[in-house]
Amino acid sequence: MVSEAPPFWWTKADWRARGLWPFSWIYGRVSGWRMDHARRVSVPVPVICVGNFTVGGAGKTPTAIALARAARQRGLKPGFLSRGYGGSLDVTTVVDLAHHRARDVGDEPLLLAREGLAVVCRRRVEGARRLVAEGADLIIMDDGFQSARLTFDFSLLVIDSRRGIGNGFLIPAGPVRAPLSHQIRHASALLKIGNGERADALIRRAARAGKQIYEANVTHLDDGGLREMPVLAWVGIADPEKFFRTVRETGAVLAESRSFPDHHHFSEDEIADLLDHAAAKGYQLVTTAKDMVRLERGFGRAAELMEKSRVIDVEVRFDDPGSPRKIIDAALTAARARRLSKNRK
């Protein structure tokens, strides 16, 4: 899967997108067939997949965390399943915050593990079975909607209302991961995040197909301590502009910003440059929780950058606070029906 989306994917389709269209057509035929016909394996607990239509961040991880919190309130023991993008381990691994680094398991699994049981595995079915063996009675899968490996009891596709689906073309001409008709057909519901308009056409299309539509916003948890403070924001995520908007929403003065690739592991020179430049200018360093975990147990001045940077935490808040519980309940109902159907055969 592509990790860095070319900028032209997120603008109006131009000659580059049209020139790559034949390759996108082939990619779409293969990905669509796989979603429709690949043999999916079932596990004995409900599975919720939190995915998105495109390559790049849309808010999947904070959405998965919101669902896990709702599941725990219901008395369940949720477990997170992640492929572990950015990590090096190629074996099924229960994430251990005391021992694993982002270089081992990826940055997002470390954030998920703060909330509960998390397993990383390149092979989704094997990872799901490990979660069951570890006592999870509900699996929340962060990404992997198009992989067509597991049977999902509820598939929630997250879409950023400001970015939408970019130019609307499939990989490699655009960011879309599989034909939209196939993705909508296999989705249980869509979650629109934010108040932009670039997702509206797709939302209407999904609604016409009978899909449930949820709405939410990503809200910063800053206590007001950054108000009017000049900051240098550094970030390595798929959509850095989203974080820069969050910084401004805290009331901070975004004096400078530095963007790095998604899942980027910072070099000693990059760390030194951030520290020395912020010190020379008198800027407060700010970043995301996802970027901060990539510094943990790092070398050189990584600990100093952690100490001098302030994390702006965010969370997904559904417009209807009862929505996460409704999603959990729908997944439980679907799982019961799946097991009954299997027992009758």
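Trainee: Is arginine 185 buried, partly exposed or exposed?
Mentor: Good place to start, and keep in mind that this is a predicted model. The relative accessible area of arginine 185 is 46%. Buried would need under 20% and exposed over 50%, so at 46% arginine 185 is partly exposed.

Trainee: Which residue forms a salt bridge with arginine 185, and in which helix does that partner lie?
Mentor: Side chains of opposite charge can pair when their charged atoms come close. Here the closest N and O atoms are 3.0 Å apart, and the partner of arginine 185 is aspartate 36. The pair links distant parts of the chain, 149 residues apart, with arginine 185 in helix α7 and aspartate 36 in helix α2.

Trainee: Lysine 60 is in the UniProt "binding site" annotation; is lysine 60 buried or exposed?
Mentor: That annotation comes from an unreviewed entry and covers Thr54, Val55, Gly56, Gly57, Ala58, Gly59, Lys60 and Thr61. From this set, Thr54, Val55, Gly56, Gly57 and Ala58 are in the lining of the largest cavity. Lysine 60 sits in helix α3 and touches Val50, Gly51, Asn52, Asp142 and Asp143, leaving aside residues up to four places away in sequence. With a relative accessibility of 11%, lysine 60 counts as buried.

Trainee: Which residue of that annotated set does arginine 163 touch?
Mentor: Arginine 163 is in the loop between β6 (154-160) and α7 (180-186), and its relative accessible area of 15% makes it buried. Not counting residues up to four places away in sequence, arginine 163 has contacts with Trp10, Arg198, Ala238, Asp239 and Gly57. The annotation covers one of these, Gly57.

Trainee: In the salt bridge between aspartate 200 and lysine 192, which residue is buried?
Mentor: Their side chains meet at 3.0 Å, N to O. Aspartate 200 has a relative accessible area of 22%, so it is partly exposed. At 12%, the buried residue is lysine 192.

Trainee: How many salt bridges does the structure hold?
Mentor: Another pair is glutamate 304 with arginine 301, whose closest N and O atoms are 3.0 Å apart. There is also a network of salt bridges linking Arg69, Arg72, Glu115, Glu315 and Arg317. The count for the structure is 28.

Methods: Residues numbered from 1 in each chain as written. Predicted model: local features only at pLDDT ≥ 70, side-chain atom pairs only at ≥ 80, totals over all residues. Heavy atoms only, no water. UniProt positions renumbered as here; feature names shortened; annotations may be inferred. 1 Å grid on protein atoms, 1.4 Å probe; cavity = no way out; pocket = protein on both sides within 12 Å on 5 of 7 lines; lining within 4 Å. Helix = DSSP H or I, 4+ residues; strand = E, 2+ residues; numbered from the N terminus. Buried < 20%, exposed > 50% of the residue type's maximum accessible area, 1.4 Å probe, protein only. Contact = heavy atoms within 4.5 Å. Salt bridge = Lys/Arg side-chain N within 4 Å of Asp/Glu carboxyl O.
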